[in-house]
Amino acid sequence: MAGANSPNSSVSPPPPPPEQNQPSKHWGVTKSLSHVGPTNVDIQRNRELQKFLLDSGIYESAEESAKRELVLEKLKQIVKVWVKQLTRIKGYSDQMVEDANAAIFTFGSYRLGVHGPGSDIDTLCVGPSYINREEDFFYGLHCILNEIEEVTELQPIPDARVPVMKFKFDGIPIDLLYASVSLLVVPDDFDISNISVLYNIDETTACSLNGCRVADQILKLVPNVENFRTTLQCLKFWAKRRGIYSNVMGFLGGVNWAILVARLCQFYPQANPSMLVYRFFRVYTLWRWPNAVTLCEIEHNALGFTVWDPRINAWDGLHLMPIITPAYPCMNSSYNVSASTLRVMLEQFQFGKNICEDIELNKLKWSALFESYSFFESYKNFLQVEMIASDLDDLRSWKGWVESRLRQLILKIERDTGEILQCHPNPRDYADSSKQCAHSAFFMGLQRKQGEVVQEGQQFDIRKTVDEFRHQIKSYLYRKPGMEIYVSHVRRKQIPSYAYPEGYKRNRNTKPIDEVLQVDKMSTVSVLKRKKIDGPELERSPEKRASVGPKLQDSVLSERICARSSVVEKASMIQPCVFVDGVTKQVDPTILKNVRLASNGRDMKLIDRDKEPNATVAMVLKSGEGVGSEPVQTNVMRHVYKQLRTPCIF
């Protein structure tokens, strides 16, 4: 476990050791729930947990820890040179140039001591009042970093809620923020926890400073820092395995998990990590959301910054899972959570609770708790969001923009379906390496809300919702030629092979969530049909089945490009058409009208006429339905499309 908790003294002051935390009557805003310490069984179970975490590789090596410290020291020197250069350019005196300084602070997982191999380092550069963010940081420092050979994948994001510059320094991912404070000279021992740093700054700068201030405050508010760190590392690893670690997707991110675990440590100050893990699931499955999780009293200060308070701000009362930061100005760190993602997280909390109960009874080992979540086996319907760009650099910025807006798509779908249709976004992205352009894709599981009564054959038409989302995405200020987004509805069996990088392995013991919740199978989701429009078509696999449906609006079709074939196929859109055996045929609309009424949302069965030339007629005659009571053509068409899997909207 060497190097798991890297010292950070060269960049920011180290956290106080556990023994320096002075005992008090209680931790947090309420009394502790229990002061009982671990038994011999708990101690043994904790050893087993520690061994499992070590074998799982969540701790970085001593060499990587040393490399991180070296990178931070180099970054510290770079920003010092940058500030001195700008001070000279802006015409300040030689003495001011000599005294000019900038300080680097860390926050997030690195500051809390819970980072792992390959994780990024959240850093904050604090500069003097005359160095601004818009020009000096995002242009001046960006140019300097761009000339350094060790810096790669440099990506400025000035329009984010908290503006950030992302890059890799000698292979170490860095997220660099900037805050200009009301000082002419920033000392090396600058105390970022002091309330005076917030004087004469704007809301954006306060948000940039908040990360460091929150991390320091969390470490001061837990009774045992080492137990807190081990528990947090364990639960972050669990959340990633279960697919619920992503603040941007509407789940919980690093600071959210840190506050939840810190509050748990306040409830059980004497408990060891194995006890805390079990109690985490027990407490938060019973927690009555939207009651807020807070580590200390919410402070209201005369500085005038907005503080989370639903009694004053009506918008705060709409938050579903408020987890409040402990440093002024106190904010809800989990405002991204939606009704759909809250449902998913509560289901996973219940899963964790059930597994931990079996571990307590020695029925299961710790490995059972960290079993990977079978996302594609849990749903039957999905939204596929594909992004393409000319090269990997463009894709990186394009994907970051799309990912930051996926939460809006979830909220729009909930809004437009009366919260009946729920979305489960998969935080992981997938890439198709066979394409000639840079490609990435996200998937969202779709299902009806549990307990809702839906009429037979009810459909959810979210084409306008998706159209609105795509229009918003394409308004990206830095969009370049080649940046495109395509959203389509796919069934489980249509999930592309690149979504299974290790090969498709179905877990026979796993049932789809909609089956577990007994969803009415007659209720279907009519969203986007996967069709091509003008432009090269992707290579088709030989097993691809024929599809049926009339023209949808161009704005919601899944456009296909980056093809290997040079042939451009254009489907006839004059009348509703049928794709059978790869041939496009015009069909009498009156026939399709009958087909639509007969389909009723069931599976489609198509006939390969080359192999079975009389199979269609044979199927009609064998069924005996409608023979002699209607024209043969209408009868045949009705039966061919009787098992329509995804009903179109005609």
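Predicted model: local features only at pLDDT ≥ 70, side-chain atom pairs only at ≥ 80, totals over all residues.

Trainee: What percentage of the protein chain's residues count as buried?

Mentor: Buried means under 20% relative accessible area, with exposed over 50% and partly exposed in between (1.4 Å probe, protein chains only). The protein chain has 650 residues, with 16 helices and eleven strands; helices are DSSP runs of H or I of at least four residues, strands are E runs of at least two, and both are numbered from the N terminus. The buried share of those 650 residues is 52%.

Trainee: Which strands are at the edges of the open sheet of five strands?

Mentor: The order is β1-β2-β5-β4-β3, with mixed pairing; two strands pair if DSSP finds at least two bridges between them. An edge strand pairs on one side only.

Trainee: Which residue in β5 stands opposite methionine 165?

Mentor: Strands β4 (residues 164–169) and β5 (residues 172–180) run antiparallel, joined by five bridges. Across from methionine 165 you'll find leucine 176.

Trainee: How are α7 and α9 oriented to each other?

Mentor: Two packed helices are described by the angle between their axes and the distance between the axes. The axes are lines fitted to C-alpha atoms, for helices over the stretch in contact, and angles run from 0 to 180 degrees between N-to-C directions. Helix α7 (residues 225–241) packs on helix α9 (residues 273–286) at about 50°, with the axes 9 Å apart. Since under 35 degrees is roughly parallel, over 145 roughly antiparallel, 65 to 115 roughly perpendicular and the rest oblique, α7 and α9 are therefore oblique.

Trainee: Which residues of α8 does α7 meet?

Mentor: The axes of α7 and helix α8 (residues 254–267) come within 10 Å and cross at roughly 135°, which makes α7 oblique to α8. Contact means heavy atoms within 4.5 Å. On the α7 side the residues include Phe228, Leu232 and Trp238. Their partners in α8 are Trp257, Ala258, Val261, Ala262 and Cys265.

Terms used. Residues numbered from 1 in each chain as written. Heavy atoms only, no water.
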